[in-house]
Amino acid sequence: MASAVELSAMRHAITLSALGLGTTSPNPPVGCVILEQHGAVVGAGFHRRKGESHAEAHALNAAGGAARGGTAVVTLEPCNHVGVTPACRQELINAGVSRVVIAVMDPTSRGEGGASMLAAAGVEVEIDVLRDEALTVLEPWLTATQRRRPYLTWAFAAESGHRTAAEKRLLRVLRATADLVIADNTLQEGIPGGHADAYFALPGAAEIGGNLSQWQSAAYEVGVRSMLVVGHEQAAALRPHLHAVDEIVIAVPRTDPLRALDVVHPDLMPVGFRLVEVAADAESMTLRLRRLGV
């Protein structure tokens with residue numbers, strides 16, 4: 001069972017992993033913390049973008065020789081294949097760590113899997129440690145990988161009178177966690193220049209009407225794993241295809257709290273979604289719905 005020190009380190013790793021949101025695709029956002037033999041943190045890192053060192057490599061480089069006999073705490077199962085970078089499970093073995101604590105197993109792992117190879121090399125492995133907490137960062141990537149289409153978030157303002165300002169605010173707050181953004185009929189990277197050009201491209205057009213599934217498949221093929229669509233005007237394109245929408249974020253004006261009651265309507269709170277968050281600031285309330293099963 002993971003110790004209190006390891007649980008704290010995992011939460012540290014999860015926080016670090018979020019720094020890769022919006023830039024790692026098509027790779028997952030991963031964080032890693034290295035503990036020396038007595039439990040002190042000696043290294044930490046996260047994966048920034050494909051083609052660059054993985055989280056484990058950054059953390060091991062920071063730890064140096066102090067990693068020997070220690071514990072690697074990582075949010076996703078260390079990779080088991082040599083691609084653009086070396087296999088992370090081999091780097092952990094070479095560094096001499098004695099234990100690896102993993103939050104989420106990797107469904108794309110090659111061969112027997114990194115965890116199995118670590119165990120075969122005599123490294124103690126524990127899995128599913130704070131898995132649900134790690135999924136707050138990894139879930140969009142996992143969902144996209146399993147469904148072969150980007151995780152789609154649709155954000156809009158419910159009240160026409162404050163729609164322009166509210167949707168600009170939603171765009172500003174949400175865009176950094178998405179690979180691409182569609183807003184005002186334009187297509188942009190969530191973080192401009194954030195991805196590695198060799199492994200990521202924007203799909204051709206911002207028009208998602210018609211065959212949304214085909215558009216998403218094309219976006220997935222060029223490296224997109226998460227997308228944000230902003231604007232109430234996208235309702236005509238998205239409401240007939242809510243099966244392809246994973247999250248809905250709705251801004252409601254705070255000036256009239258009773259207005260919130262109007263939002264609880266089948267068109268805005270559709271069947272198949274659950275309310276997972278309600279937040280408020282000085283100007284509005286924000287409701288976040290997530291598809292059941294995601």
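Guide: Let's start with a term: a nonpolar core is a set of buried Ala, Val, Leu, Ile, Met, Phe, Trp, Tyr and Cys residues joined through side-chain atoms within 4.5 Å. Buried means under 20% relative accessible area, exposed means over 50%, and partly exposed lies in between (1.4 Å probe, protein chains only). This is a predicted model, in which local features need pLDDT of at least 70 and side-chain atom pairs count only at pLDDT 80 or more, while totals for chains, interfaces and linings use all residues. Residues are numbered from 1 along each chain as its sequence is written, and side-chain values use heavy atoms, with hydrogens and water left out.

Visitor: Which residues have the most contacts inside the largest nonpolar core?

Guide: The general idea is that in soluble globular proteins, nonpolar side chains tend to be buried together. Here the largest core has 40 residues, and those with the most contacts inside it are Met10, Ile34, Leu60, Ala67, Leu92, Val100 and Val104. Two or more residues come from each of α1 (4-17), β1 (31-35), α2 (55-63), β3 (71-76), α3 (88-95), β4 (99-104), α4 (114-120) and α5 (131-147). Helix α5 gives the most, with six residues. A second, separate core of 28 residues includes Leu180, Ala235, Phe273 and Leu289.

Visitor: How are those elements assigned, and how many helices and strands does the protein have?

Guide: Helices (H or I, at least four residues) and strands (E, at least two) are DSSP runs, numbered from the N terminus. The protein has nine helices and 12 strands.

Visitor: Is Leu60 buried or exposed?

Guide: Leu60 counts as buried because its relative accessibility is 9%. Leu60 sits in helix α2. Contact means heavy atoms within 4.5 Å. Apart from neighbours within four places in sequence, Leu60 is in contact with Ile34, Ala67, Glu91, Leu92, Ala95 and Val97. Its C-alpha atom is separated by 8.7 Å from that of Val42, 18 residues apart along the chain.

Visitor: What does Val100 touch?

Guide: Setting aside residues up to four places away in sequence, Val100 touches Ala72, Val74, Pro78, Leu92, Leu118, Val123, Glu124, Val125 and Glu126. For the whole protein, residues 24 or more positions apart account for 69% of the contacts with a separation of 6 or more.

Visitor: How should I read the overall dimensions, and what is the radius of gyration?

Guide: The radius of gyration is taken over C-alpha atoms, and the globule rule is 2.2 Å times the number of residues to the power 0.38. For 294 residues, a compact globule would have a value near 19 Å, and the protein's 21 Å agrees with that. The C-alpha atoms fill a box of roughly 60 × 40 × 30 Å along the principal axes. Buried residues make up 53% of the 294 residues.

Visitor: Now the backbone: which peptide bond is cis?

Guide: As background, most residues other than glycine have a negative phi, and most peptide bonds are trans. The bond from Ser25 to Pro26 is cis, with omega near 10°. Pro26 lies in the loop between α1 and β1.

Visitor: Where is Asp128 found, and where is Asp184?

Guide: Asp128 lies in the loop between β5 (124-126) and α5. Asp128 has a positive phi of about 60° although it is not a glycine, and at 45% relative accessibility Asp128 counts as partly exposed. Asp184 is in the loop between β7 (180-183) and β8 (186-189). Asp184 has a positive phi of about 55°, again without being a glycine, and at 63% relative accessibility Asp184 counts as exposed.
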